[in-house]
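Please examine the structure shown below together with its sequence. The briefing that follows is arranged by topic.

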Amino acid sequence: MKLIENLGSYFMLMAKVFSKPQKIGVFWKLTIREIYDLGVNSLGIVTFISTFMGAVVAIQMAQNFQGAAIPVPDAYIGYATKVVLVLEFAPTIMSLILVGKVGSYIASSIGTMRVTEQIDALDVMGINSANFLILPKIIACVFFNPLLVMVSIGFGLLGGYYIGVFSNLWSAADFITGLQMNMATKLFVYTFVKTMVFAFVIATIPAYYGYKVKGGSLEVGRSATTAVVWTSVTIIVINLILTQTILS
C-alpha cells in the first residue's frame with residue numbers, strides 16, 4: 001500500500017511539474033544554471049571513471065580472446081570494447097554513478113528548501129513550486145546526460161587504446177580496426193533512448209523524495225539515501241524492460 005501511495009503521489013507531482021512556466025525568462029535562467037550544476041560539474045568524474053573502466057574492459061576482452069581455444073583476431077578486442085561501452089557501461093553504469101552524485105544533490109537541495117519552508121513561501125506567493133524547482137532539473141538532465149554518455153564512450157575507448165599501447169597486449173592498429181567495425185544503428189538508438197529515460201528517472205525520483213520530505217535535517221539525509229536507492233532500483237528494472245523491448 002505504501003508503494004501504491006508513493007506512485008500515486010509521484011504522478012500527481014509530475015502533473016504539477018509539467019505545466020506552463022509562469023515566467024519564461026526566469027525559467028530558462030534556472031535551466032541554464034541546472035545544466036551547469038547537474039551536467040557540466042559531472043564531466044570530471046565521468047571522464048575519470050570512463051577512462052579507467054575502458055582500459056579494464058579492453059584488458060578483459062584481450063584476456064578472453066587471446067586465451068580462447070580458437071584464435072580470435074586482436075581487432076575484435078577493439079570491437080568488443082566498443083560494444084560493451086556503448087550498450088551497457090556508458091548508459092547504464094554511468095547513470096547509476098550519476099544517481100549517487102546528481103540524484104543525492106537534487107533530493108538534498110529540494111529537501112532543504114522544504115524543511116526551511118522556502119517551498120511553502122513559493123506556494124504562498126502563488127508560484128507553482130513543483131514546476132519552478134523540478135522542471136529545470138528534468139530538462140537539464142534529459143538534455144545533458146546523453147552528452148555525458150557520448151563523453152563516457154569516447155574516453156572509455158581512449159582508455160582502451162592507450163592501455164594497449166602501454167602494455168603491448170595488442171597493437172594500436174588492430175584496436176583501431178576493431179573500432180571501425182560496423183555496429184547496427186539500432187544499438188545506438190537503444191543506447192540514447194535508455195539514456196534519456198534514465199535521465200528523466202534521475203531527475204524526478206530524487207526530486208519527489210526531496211519535495212515530500214517532512215521533518216528536519218536528519219530527514220533530509222534519509223530522504224536523499226532513499227531516493228538514491230529507489231532511483232537505482234528503477235533504473236535496473238527499466239534497463240531490463242527497454243533491453244527486452246528494443247533489442248528483442
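Ring pairs join Tyr161, Tyr162, Phe166, Trp170 and Phe175 into a cluster; rings of Phe, Tyr and Trp (its six-membered ring) pair if their centres lie within 6.5 Å. This is a predicted model, in which local features need pLDDT of at least 70 and side-chain atom pairs count only at pLDDT 80 or more, while totals for chains, interfaces and linings use all residues. Residues are numbered from 1 along each chain as its sequence is written, and side-chain values use heavy atoms, with hydrogens and water left out.

**Aromatic rings**

- A search of the whole structure finds 12 aromatic pairs.
- The ring centres of Phe27 and Trp28 are 5.3 Å apart and their planes stand at 75°, so this pair is edge-to-face (planes under 30 degrees apart count as stacked, over 60 as edge-to-face and the rest as tilted).
- Phe27 counts as buried at 5% relative accessibility, whereas Trp28 is partly exposed with a relative accessible area of 45% (buried means under 20% relative accessible area, exposed over 50%, partly exposed in between, with a 1.4 Å probe and protein chains only).
- Phe166 lies in helix H6 (helices are DSSP runs of H or I with at least four residues, numbered from the N terminus).
- Phe166 is exposed, with a relative accessible area of 65%.
- The charged end of Arg114 sits over the ring of Tyr211, 4.6 Å from its centre (the criterion is NZ of Lys or CZ of Arg within 6 Å of the ring centre and within 35 degrees of the ring normal).

**Nonpolar cores**

- The largest nonpolar core has 53 residues, of which Leu13, Val17, Val102, Ile110, Ile134 and Tyr211 touch the most other members (a core is a set of buried Ala, Val, Leu, Ile, Met, Phe, Trp, Tyr and Cys residues joined through side-chain atoms within 4.5 Å).
- Elements giving two or more residues to this core include helix H1 (2–17), helix H4 (75–115) and helix H6 (129–167).
- H4 gives the most to this core, with 13 residues.
- Apart from this core lies another, of 8 residues, among them Ala58, Met61, Ile77 and Phe175.
- Leaving aside neighbours within four places in sequence, Ile134 is in contact (heavy atoms within 4.5 Å) with Leu13, Val17, Ile110, Ser129, Ala207 and Tyr211.

**Helix H4**

- The 41 residues of H4 should span 60 Å at 1.5 Å a residue, and the end C-alpha atoms are 56 Å apart, which agrees (the expected span is 1.5 Å times one less than the number of residues).
- H4 bends by about 50° at Leu85 (the angle between axes fitted to the seven residues ending there and the seven starting there).
- Glu117, whose phi is positive, near 65°, follows H4.
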